[in-house]
Amino acid sequence: MNIMEVIYNITSSILQLMIVHSFFSLFGIKKKNNKPKDIIIIVSFVTLTTLFTLFIKEQTFFTILVTLIIILYSFKFYMNIIKRIFSVVLICALLLMFEVVFGLLISLIYDSTIAQMQTDLSIYIQCILFSKLSLLAIIKFISNLYKPKNNNISIPILITLVFLPITTFVIIYTLTYYVYDEDNSAIRFFIMLSSFLVVISNIFVFYTFDYIQKQDEQKNNLKLQAMQVKLEYQYYVDLSEKQLLSNKTLHDLKNELFAIRSMLNVDSKMVKEEIDRICNIVTDAHSKEITGIESIDSLLASKIIVAKSRDIKIEIISFISKINPNSIIDLTIIFGNLMDNALEACEKVATNKFINLEIRQIKNNLIIKVENSSIDNDFNNKTTKENKYLHGFGLKNVKDICDRYEGIMEFGIKNNVFIINIALCNNIIN
């Protein structure tokens, strides 16, 4: 073992970490950043993988240990158990497959056996690094396909992703070719160092590419979300003010309607039923304390009126207290989006229209559950509203808020009932 072998194995471990991280990003959502914790995880991953590579020669035992490290790293991402198992198995298989395929390819180029390659450090390094650079480029390319169209990277950058591993291999192959005929140890060292720097430059290119993509995506998302949040916030502020101003009027109107009803003749059955219907709507909407939070109660009261007018049965159960005042706007956005989605879904249903909203506080966590009737048997996240791209951020806004509170959002449809569960965990309870 020499210093260059250690350096190359550390580089290989860093590449493997980038591969695993990028791959899990396709299947799950990264948990909230905690820099000290992330640094410890990264250093542990690279250190353990490097030590296993250097000192464990038994391939089966080595594969098991590396797989365990990858499994542990997968818990940096939110994903269900099926996705976790699938993604871990697939990335381990891809890492192994690429090493085998490129090992065979390089053995053909050098006209050497696998056993000879394993004892020749320069050829072994080319095989490992080239296979991982190629896999990383492919994963980056695939991950870009899942991004919105306006975030697509340019053709020159895509070409760079494709040709970067190839040019790296050609450069390393050319440099190491002269190692065989060179007896000067200093020259051999500088050739190996040059190869190492080429690989490091690849890592920085991938990191820069990833950083630029995230910045562009975040910039576009923030513009759209800021527009919608601004509109929603103004809407809910106006709604709360109008609700407060109309409380007295609604109260007087309800009393007048009850007084009129008591004076009607017995034969005026239809008129009585209509007045009863109006009284029920007003009673449900009039400053009814649901959560104990004025702005949220005003919002829910307006949604109750809309539901009643559309013959949608609505039931709200709330057991909460001591909500963090700084979280009220976020909660208003969540409830507004969830109720609007539920009302829209119920409008498409012919019969048995219903919305059930359940809000519970469990220790320091806030649990929100919405069930509503739906014509669909499976979930389709494509909106039918006119401004498709903007409104498509309805549930995304909810998900972004969940992430800020280190929460979880799950949704789906079963037996024509759309169900969404939300858990908000961090700093939501005062």
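Tutor: Arg404 counts as partly exposed at 45% relative accessibility, where partly exposed lies between buried (under 20% relative accessible area) and exposed (over 50%), with a 1.4 Å probe and protein chains only. The model is predicted: local features need pLDDT of at least 70, side-chain atom pairs count only at pLDDT 80 or more, and totals for chains, interfaces and linings use all residues. Residues are numbered from 1 along each chain as its sequence is written, and side-chain values use heavy atoms, with hydrogens and water left out.

Arg404 pairs with Asp330 in a salt bridge whose closest N and O atoms are 2.8 Å apart; the term means a side-chain nitrogen of Lys or Arg within 4 Å of a carboxyl oxygen of Asp or Glu. The two residues are 74 residues apart and link distant parts of the chain, Asp330 being in helix α11 (residues 328-347) and Arg404 in helix α13 (residues 393-404). Helices here are DSSP runs of H or I with at least four residues, numbered from the N terminus. Asp330 is buried, at 13% relative accessible area.

Helix α13 also holds both Lys399 and Asp403, four residues apart, or about one turn of the helix. Their side chains form a salt bridge at 2.5 Å, N to O. Lys399 is buried at 15%, while Asp403 is partly exposed at 25%.

In the salt bridge between Glu371 and Lys369, the closest N and O atoms are 3.4 Å apart. Glu371 is partly exposed at 21%, and Lys369 is partly exposed at 27%.

Lys30, Asp38 and Lys76 are joined in a network of salt bridges. The whole structure has eight salt bridges.
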